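Keep the 3D view open and look for each residue as it comes up.

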Amino acid sequence: MLTYLFILLATFAVASAVATVLSRSTVTSALFLVLNMVTLAGVYLLLKAQYLAIIQILVYAGAIMVLFLFVIMLLNVGDEEPVWKQISIRLVAGFLLGTAVLAQLLYAVASYTDSLPMIATAMEDVGQVSAIGDVLYSHYLLPFMLTAILLTAAVIGALLIAQHRAQPKSRP
Amino acid sequence: MLDSASLLPLIIALPLAGFLINGLVGLLSETYRSRKTLIGTIGTTAAFIPFLLSVWVFLGMTPDSDPIRYHFLNWISAGDFVSDIAWRADQISILWMLFVTGIGSLIHLYSMGYMKEDEGYWKFFAYLNLFVFAMLNLVMGDNLLLLFLGWEGVGVCSYLLIGFWYQDILKAEAAKKAFVYNRIGDFAFLIAMFLLFRHVGSIQFDAILAGLGNIPADTAFWIGLLMFIGATGKSAQIPLFVWLPDAMAGPTPVSALIHAATMVTSGIYLVSRMSGLYALTPDAMLIVAVIGALTALVAATIALTQTDIKRVLAYSTVSQLGYMFLALGSGAYIAAIFHVITHAFFKACLFLGSGSVIHAMHHVEHELDHHGKHVRFDPQDMRNMGGLKAHMPSTYWTFLLATVAIAGIPPLAGFFSKDEILAMVFNAGATVSAIYYVLFAMALATAFLTAFYMFRLTYGTFHGAFKLPKRHPEAAGSEKYLHESPWTMTAPLWILGILSVIGGFMGFPDFVVQTFGNPDAHANWLHGWLIPNVSEAELVLAKPIKWGILLGSVLIASVAVWLANRTYGQDKTAETDATLQTRFGGAYQLWADKYRVDEVYEATVADPVLKLSDKVLAVFDLKVVDGLVNAVAGLTRFTGSLLRYVQTGNVSGYAFYLVAGVLIVVGLILF
Amino acid sequence: MISLPWFLGLSAVLFSIGTIGVLVRRNAIIMFMSVELMLNAVNLSLVAFSAHLGDIHGQMLVFFALCVAAAEAAVGLAIIIAIYRNNLTVDITKINLLRW
């Protein structure tokens with residue numbers, strides 16, 4: 001049963017990823033990416049990481065991708081030609097390089113397969129919110145606080161960079 | 001009461017404190033600089049209290065007592081080489097401590113009067129205190145390195161003080177000359193230290209004394225010779241004596257303190273300290289004696305021709321130092337130290353007296369200026385003086401006492417020390433080598449000349465008529481402006497004058513007492529004090545010979561004084577000089593030209609070096625060194641101009657390189 | 001039970017798809033989204049390891065990676081907006097002023 005679920009979710013994830021990368025319209029890309037993230041949340045649930053699954057949907061899909069969509073709408077970026085119509089050396093080289101990365105990664109996974117363990121039974125409790133909260137506020141207190149500062153800085157930075165000017169400058 | 005050992009750091013620290021207070025506060029605060037009495041009092045006290053403390057330490061010692069040592073801190077410990085900052089007061093160093101601080105504080109007091117009008121008053125006292133500090137380190141150091149530290153320190157202070165009026169380029173050059181010649185000697189000293197360390201394994205004095213057996217004979221010769229060369233630099237002997245006459249460019253208290261009583265005796269101190277070493281090498285001792293005698297005679301002949309008061313005294317100092325080295329070379333360490341002490345008394349007195357005279361002549365110049373007569377003359381030139389004895393009685397009488405002392409007339413101090421030296425030189429002639437007899441003859445000739453030119457100086461300055469109006473008609477009647485110096489200047493003169501009279505009794509010869517009284521009497525206090533501490537040569541002369549030498553030296557001195565009286569004493573200074581000039585012709589000219597030593601050095605050493613550096617080294621510096629630096633810069637620029645093409649501005653290109661790089665690195669890790 | 005290599009394989013595939021997206025597309029926003037895809041892939045592999053080793057620290061790392069990704073997305077998009085304002089395009093081949 002779990003295996004079947006996994007294969008389903010994995011297929012959806014890969015398909016939506018491909019669609020993100022290849023689609024013509026920017027908005028479509030963003031929406032496919034949202035789908036990708038939701039499927040990944042499902043995979044997290046399979047791995048008994050409940051807290052992270054929910055957070056993934058809330059933060060990534062719910063906040064970050066919304067931000068992306070806002071920006072896409074704001075900039076009103078037009079559609080592009082389909083990728084396969086823009087065959088150029090850059091395209092080919094990029095594809096080859098990406099495939100090489102995949103090959104390398106699969107090789108790495110394959111050669112160390114013997115030493116990889118199965119899912120531990122103790123994971124039931126580990127992925128719980130209470131367990132995460134436990135560690136977060138004790139061991140990881142300092143990074144937690146620093147992350148707060150980081151996010152504040154990011155907000156301020158983003159505001160400053162993107163702030164509205166009287167009229168947008170045109171290219172000289 | 002107080003443990004003598006713990007007084008030692010206090011003795012060292014006080015002059016340093018004086019230097020820091022006067023130096024720092026004077027540097028930072030303008031108002032402090034005008035409080036001259038305060039500055040002077042601080043300076044003098046910083047020298048006087050150490051004197052009192054040294055007296056206390058002295059009173060606690062006997063001729064056989066162990067050296068008092070105070071270990072301050074572990075300074076250097078590098079492998080086998082260990083050198084600490086530790087001070088020692090033993091029978092030799094306590095004598096130096098006493099007269100350095102004693103005469104030092106008298107000169108501080110004198111300077112309060114002499115330097116009163118000078119702007120750099122605070123600097124002067126700071127430097128003087130620093131000098132006392134360095135000199136004390138020199139004589140109190142427990143090892144050669146601390147001695148060397150003090151050695152260099154007094155060299156630096158000498159430079160600072162000679163060049164005190166540095167705005168006059170000639171004075172600054174004199175300071176530089178002093179320092180450079182000192183450094184040449186220091187180089188030899190350093191090599192001697194290295195050799196000593198190599199063979200003995202330590203440079204601490206007790207260890208050296210214990211380890212003397214480890215030194216092979218010819219190394220001992222070289223160590224002795226090299227140390228002596230270092231001493232010739234500091235104590236102005238042939239070949240490095242030429243800086244001392246030029247050093248008279250400094251203020252007179254400096255000449256008195258440094259170049260008569262203290263710094264120049266450092267060389268004597270060093271050789272006396274190392275007497276155990278010199279006992280191993282009679283050849284080195286012979287060289288020391290020969291150079292000493294030669295210097296004494298040469299300097300005396302030059303002094304005969306000089307007209308500047310301070311120059312006469314400077315050459316006289318060189319000559320007397322030659323006497324001391326002659327004594328050292330004959331194995332007469334005690335006699336040499338005796339002469340150091342008596343010479344300090346009468347030479348300091350003479351220099352301070354000359355300072356008083358110069359002070360008065362300056363005053364004449366100022367008064368003439370006030371009355372609208374601008375006469376330019378050299379206040380140190382003897383030919384402008386004369387008849388000062390009526391106007392400056394204290395200065396005259398003390399000067400006269402000191403002159404009689406240096407001439408070697410009994411029973412003043414100079415006679416006793418000089419006689420002892422003569423006896424020991426003759427003794428060396430009998431026991432070591434016949435060459436010493438020649439040196440004895442030279443010493444006798446020098447004694448004659450010393451008495452002669454010193455009385456020439458005294459008569460020319462103080463007797464007869466005041467000559468300034470004769471040479472500069474506008475200065476007619478300026479005699480009335482001459483006056484005696486204030487008590488701060490005359491008090492030290494009297495103290496030193498009295499010491500020049502009675503100071504000799506510390507070394508009253510045994511044989512005189514033995515002839516008239518108890519045949520086993522020991523009247524020579526100084527001899528008894530020092531004999532356990534130096535490798536003194538044995539005196540084998542029979543009593544009649546000793547009496548002969550004594551009476552002979554008195555006779556020679558008396559003849560010289562009588563001759564001087566007959567010529568210079570009758571106010572015939574210029575005429576007598578002229579007579580001498582025609583009588584001795586070329587020789588006189590040679591003496592007046594100071595044997596052309598400066599010119600010889602200039603031609604053989606200074607000029608070639610300058611030419612070399614001009615033609616070769618300057619070019620090297622410009623082309624090679626600068627060229628190298630420029631080449632490096634050029635290389636950087638060139639590389640930069642090639643590398644900049646990496647920045648294409650193409651974002652996807654950057655992404656490509658990024659991924660390719662990751663692939664390569666991960667590949668390297670995997671395979 | 002699903003063993004670890006499967007999860008890692010999925011992560012590898014998503015990562016390389018993201019890489020291809022970065023290299024191939026000209027639109028800056030799409031490139032940025034591909035980068036987010038790569039980040040997700042890494043998060044997945046971290047959670048997979050954490051589950052299989054029974055160690056919570058892997059999930060903590062993902063937590064913080066998430067926070068940082070959020071901050072980075074905000075700033076990155078702000079930059080893209082600023083670039084758009086100046087050049088009126090998000091095509092990266094046309095933005096190449098910072099060159100020698």
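This is a predicted model: local features need pLDDT of at least 70, side-chain atom pairs count only at pLDDT 80 or more; totals for chains, interfaces and linings use all residues.

**Chain A as a whole**

Zoom out a bit. Chain A has 7 helices and 0 strands, so its elements, read from the N terminus on, run α-α-α-α-α-α-α. Of its 172 residues, 38% count as buried. Now take the contacts in chain A with a separation of 6 or more: residues 24 or more positions apart account for 61% of them.

**Where chain A meets chain C**

How many residues of chain A are in contact with chain C? The count is 84 residues of chain A, in contact with 71 residues of chain C. The size of an interface is often given as the accessible area lost when the parts come together. For chain A and chain C, that buried area is about 7,200 Å², and carbon and sulfur atoms give 78% of it. On the chain A side, A:Tyr60, A:Phe68 and A:Leu75 lose the most area to chain C, but together they make up 9% of what that side buries.

What about charges and polar groups? Between chain A and chain C there are 0 salt bridges, while 10 residue pairs are in polar contact, both partners at pLDDT 80 or more. The elements giving two or more residues to this side of chain A are α1 (2-22), α2 (26-46), α3 (50-75), α4 (89-111), α5 (123-126), α6 (129-136) and α7 (141-162). The largest share, 14 residues, comes from α3(A). Sorted by class, the side of chain A that touches chain C has 61 nonpolar, 18 polar and 5 charged residues.

**Where chain B meets chain A**

Next, find the place where chain B touches chain A. Here 9 residues of chain B are in contact with 9 residues of chain A. The buried area is about 810 Å², with 81% of it from carbon and sulfur atoms. In chain B, B:Phe656, B:Leu663 and B:Leu670 lose the most area to chain A, and together they account for 66% of what that side buries. The side of chain B that touches chain A divides into 7 nonpolar residues, 2 polar and no charged.

Side chains of opposite charge can pair when their charged atoms come close. Over all chains, the structure holds 17 salt bridges. Here are some from chain B:

| Salt bridge | Distance, N to O |
|---|---|
| B:Asp90 and B:Arg273 | 2.9 Å |
| B:Lys177 and B:Asp246 | 2.8 Å |
| B:Arg311 and B:Asp246 | 3.7 Å |

Start with B:Asp90 and B:Arg273, which meet in a salt bridge. B:Asp90 lies in the loop between β2 (81-89) and α4 (91-114) of chain B and B:Arg273 lies in helix α12 (residues 266-273), so the pair ties together parts that are 183 residues apart in sequence. Are these two buried or exposed? Both B:Asp90 and B:Arg273 are buried.

B:Asp246 turns up in a salt bridge with B:Lys177 and in another with B:Arg311. In the pair with B:Lys177, that lysine is in helix α7 (residues 169-200) of chain B and B:Asp246 is in helix α10 (residues 243-246), 69 residues apart. B:Lys177 counts as buried because its relative accessibility is 17%, and B:Asp246 is buried too, at 18%; the cut-off for buried is under 20%.

As for the pair of B:Arg311 and B:Asp246, B:Arg311 lies in helix α15 (residues 309-329) and B:Asp246 in helix α10, so this bridge ties together parts that are 65 residues apart in sequence. B:Arg311 is partly exposed, with a relative accessible area of 23%.

One more thing to look for: salt bridges that share partners join B:Arg69, B:Arg88, B:Asp90, B:Asp142, B:Asp206 and B:Arg273 into one network.

Conventions
Residues are numbered from 1 along each chain as its sequence is written. Chains are lettered from A and ligands numbered from 1 in the order in which they are written. Side-chain values use heavy atoms; hydrogens and water are left out. Contact means heavy atoms within 4.5 Å. Buried area is the accessible area (1.4 Å probe) that two parts lose on being put together, summed over both. A salt bridge is a side-chain nitrogen of Lys or Arg within 4 Å of a carboxyl oxygen of Asp or Glu. A polar contact is a pair of N or O atoms within 3.5 Å; within protein, one must be able to donate a hydrogen and the other to accept it, and residues adjacent in sequence count only if both atoms are side-chain atoms. Helices (H or I, at least four residues) and strands (E, at least two) are DSSP runs, numbered from the N terminus. Ala, Val, Leu, Ile, Met, Phe, Trp, Tyr, Cys and Pro count as nonpolar, Asp, Glu, Lys and Arg as charged, and the others, Gly among them, as polar. Buried means under 20% relative accessible area, exposed over 50%, partly exposed in between (1.4 Å probe, protein chains only).
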